[in-house]
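Hi,

Here is the structure I promised to pass on to you. Have it open while you read, and I'll walk you through what turned up.

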Amino acid sequence: MPLRLPIVKGDDTTRMEEGEFSAIETFGSTGKGHVHDDMETSHYMKNYEAGHVPIRVTKSKQLLGVIDKHFGTLAFCRRWLDRLDQTKYLMALKNLCDLGIVDPYPPLCDIKGCYTAQYEHTLYLRPTCKEVLTRGDDY
């Protein structure tokens, strides 16, 4: 299970240990700097902790097979399902979300008219240093 740390200071004393990987996500905004979930859900991701959940709806089983085959536990959007020739899947996707098999991720918004963005880096804690695995020329 990945290490989960809060984004604000608190009483949590969790520390990374040598050999661990961690993702750090930051959110930027041209607004007030307070992002929140809003609007229609745009992205989804299979819940890797869900375990086996019985699915009664045939279309939901079929859609889960497509999600497993093409995305696994990586995030995806409905547009990508469209490109895989999936049709009439919204109720099946809602069913998978209701069962806790897939998690919905609505857009992050600040104030009307501003832009928001998410950035992420993956870190590896080595014995002698912290290595940023996602560092590149563009970021």
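Which residues in the largest nonpolar core touch the most other members? Keep in mind that this is a predicted model. The core has 16 residues, and the ones that touch the most other members are L63, I67, F76, L81, L93, L96 and V102. Two elements, α1 and α3, each give two or more residues to this core.

Take L96 as a way in. Leaving aside neighbours within four places in sequence, L96 is in contact with I55, S60, L63, L64, I67, I101 and V102.

Now turn to α1 and α3. Their axes come within 9 Å and cross at roughly 80°. That angle makes α1 roughly perpendicular to α3, because anything from 65 to 115 degrees counts that way. On the α1 side, K59, S60, L63, L64 and I67 make the contact, and on the α3 side it is A92, L93, N95 and L96.

Which residues of α3 are buried? They are A92, L93, N95, L96 and C97. The cover over them includes β3, α1 (58-70), β4, α2 (78-83) and β5. After α3 comes G100, with a positive phi near 80°.

As a bit of background, strands of a sheet pair through backbone hydrogen bonds, either parallel or antiparallel.

**Aromatic rings**

How many aromatic pairs does a search of the whole structure find? It finds four. A pair of aromatic rings is described by the distance of the centres and the angle of the planes.

Start with Y44 and F76: the ring centres are 6.0 Å apart and the planes are at 25°, so this pair is stacked (the cut-off is under 30 degrees). Y44 sits in strand β3 and F76 in strand β4, 32 residues apart, so to speak a link between distant parts of the chain. Both Y44 and F76 are buried.

F76 has another partner, F71. Those two rings are also stacked, at 4.8 Å centre to centre with 15° between the planes. Why do we call F71 and F76 buried? Buried means under 20% relative accessible area, and F71 has 12%, while F76 is at 0%. Together, Y44, F71, F76 and W80 form one aromatic cluster.

**A second sheet**

There is another open sheet to find, with three strands in the order β1-β7-β8 and antiparallel pairing. Its edges are β1 (21-29) and β8 (130-132), each with a single partner strand, so one side of each lacks a neighbour in the sheet. On average, neighbouring strands of this sheet are turned by 30° against each other, direction ignored. β1 and strand β7 (residues 116-125) pair in the antiparallel sense over nine bridges. To see this pairing, find A23, which stands opposite T122 in β7.

Most residues other than glycine have a negative phi. What is the phi of D85? It is near 65°, a positive value in a residue other than glycine. D85 is in the loop between α2 and α3, and K88 lies in the loop between α2 and α3 as well. K88 is not a glycine either, yet its phi is positive, about 50°.

Cheers

Definitions and conventions. Residues numbered from 1 in each chain as written. Predicted model: local features only at pLDDT ≥ 70, side-chain atom pairs only at ≥ 80, totals over all residues. Heavy atoms only, no water. Phe/Tyr/Trp six-rings, centres within 6.5 Å; stacked < 30°, edge-to-face > 60°. Helix = DSSP H or I, 4+ residues; strand = E, 2+ residues; numbered from the N terminus. Buried < 20%, exposed > 50% of the residue type's maximum accessible area, 1.4 Å probe, protein only. Contact = heavy atoms within 4.5 Å. Pairing = 2+ DSSP bridges. Axes fitted to C-alpha atoms, helices over the stretch in contact; angles between N-to-C directions. Core = buried A, V, L, I, M, F, W, Y, C linked by side-chain atoms within 4.5 Å. Parallel < 35°, antiparallel > 145°, perpendicular 65-115°, else oblique.
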